[in-house]
Amino acid sequence: MHIILLGPPGVGKGTQAKLLAQKLGVVHLSTGEILRKAVEDATQLGLQARNIIESGSLVPDDIMIGLIKEVLSQNNITGKGFILDGFPRTLQQALALEELFKELNITSVTVVNIVANEEELVKRMLNRGRKDDTSETVKHRLRIFKDLTAPVTDYYRKKHKIFDIFGVGDIEEINSGILKILSKK
Ligand code: AMP
């Protein structure tokens, strides 16, 4: 099973992706987590990305596309199935991903879009205490989401079927809602 999880920052993509990965036995691929680990390990990628992440901006497309190609090209991952969390975040990333899926013979992908109101997103981000979650960067990330990432949702809406789910409420209930969507399609 191949799933793309879309939604604004703070909507709970990471939490839901982790639960889904456990329940479905697929690999959870969070580009944010990969980048944070790279920063922690001070790899070349981490050094390139550190200031960008802390400012709440996006890491350049060429770096992110290179990274996702490397990760998805590992056999065991596509074979097992995966949940993409945090990628694609720009139209260019979405187009590159489409190409990559063709190369890897991945024909069936389910796109799930988690939604919430902005007030809730701000509250959650400020509560999670991540280094890139100050009130300034939170505002910046929501702006970037509207400008660069919302077009990705529109792209999938036109091209694929996309399933919207409301992301405010009990975590397990929201998760059951997503599992129901996945089982029906
Ligand atoms: P996340 O954990 O998904 O909120 O990602 C944390 C940060 O990592 C983002 O604010 C970006 O700076 C960076 N990042 C993660 N995924 C991407 C992506 N697909 N494209 C560009 N930057 C990304």
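Biologist: In which helix does Gln16 lie?

Modeller: Gln16 lies in helix α1, which spans residues 13–24. Keep in mind that this is a predicted model.

Biologist: Why is Gln16 called buried?

Modeller: The relative accessible area of Gln16 is 4%. The word buried applies under 20%, so Gln16 is buried.

Biologist: What does Gln16 touch, not counting residues up to four places away in sequence?

Modeller: Gln16 touches Ile114, Ile171, Ile174, Asn175 and Ile178.

Biologist: What makes the pair of Gln16 and Ile171 a polar contact?

Modeller: The backbone oxygen of Ile171 is 3.2 Å from a polar atom in the side chain of Gln16. The cut-off is 3.5 Å, so this distance falls within it.

Biologist: Turning to the sheet, how do you know that β1 and β4 pair?

Modeller: Strand β1 (residues 2–6) is joined to strand β4 (residues 110–115) by four bridges. Pairing needs at least two bridges, so these strands pair. They run parallel, and Leu6 stands opposite Asn113 in β4.

Biologist: What joins β3 to β1, and what joins β3 to β2?

Modeller: Four bridges join β1 to β3, with Leu5 opposite Asp85. Four bridges also join β2 and β3, where Leu29 stands opposite Leu84. Both pairings are parallel.

Biologist: What is the order of the strands in the sheet?

Modeller: The sheet is open, and its five strands have the order β2-β3-β1-β4-β5.

Biologist: Why are β2 and β5 called edge strands?

Modeller: Strands β2 (27–30) and β5 (162–166) each pair on one side only, and that is what the name describes. From one strand to the next, the twist averages 20°.

Biologist: Which strands does helix α2 touch?

Modeller: Helix α2 (residues 31–40) packs on the sheet and touches β2 and β3 (82–85). The direction of helix α2 makes about 65° with that of β2.

Biologist: Which way do the residues of β3 point, and are they buried or exposed?

Modeller: Phe82 and Leu84 point one way, Ile83 and Asp85 the other way, and all are buried.

Methods. Residues are numbered from 1 along each chain as its sequence is written. This is a predicted model: local features need pLDDT of at least 70, side-chain atom pairs count only at pLDDT 80 or more; totals for chains, interfaces and linings use all residues. Side-chain values use heavy atoms; hydrogens and water are left out. Axes are lines fitted to C-alpha atoms, for helices over the stretch in contact, and angles run from 0 to 180 degrees between N-to-C directions. Contact means heavy atoms within 4.5 Å. Buried means under 20% relative accessible area, exposed over 50%, partly exposed in between (1.4 Å probe, protein chains only). A polar contact is a pair of N or O atoms within 3.5 Å; within protein, one must be able to donate a hydrogen and the other to accept it, and residues adjacent in sequence count only if both atoms are side-chain atoms.
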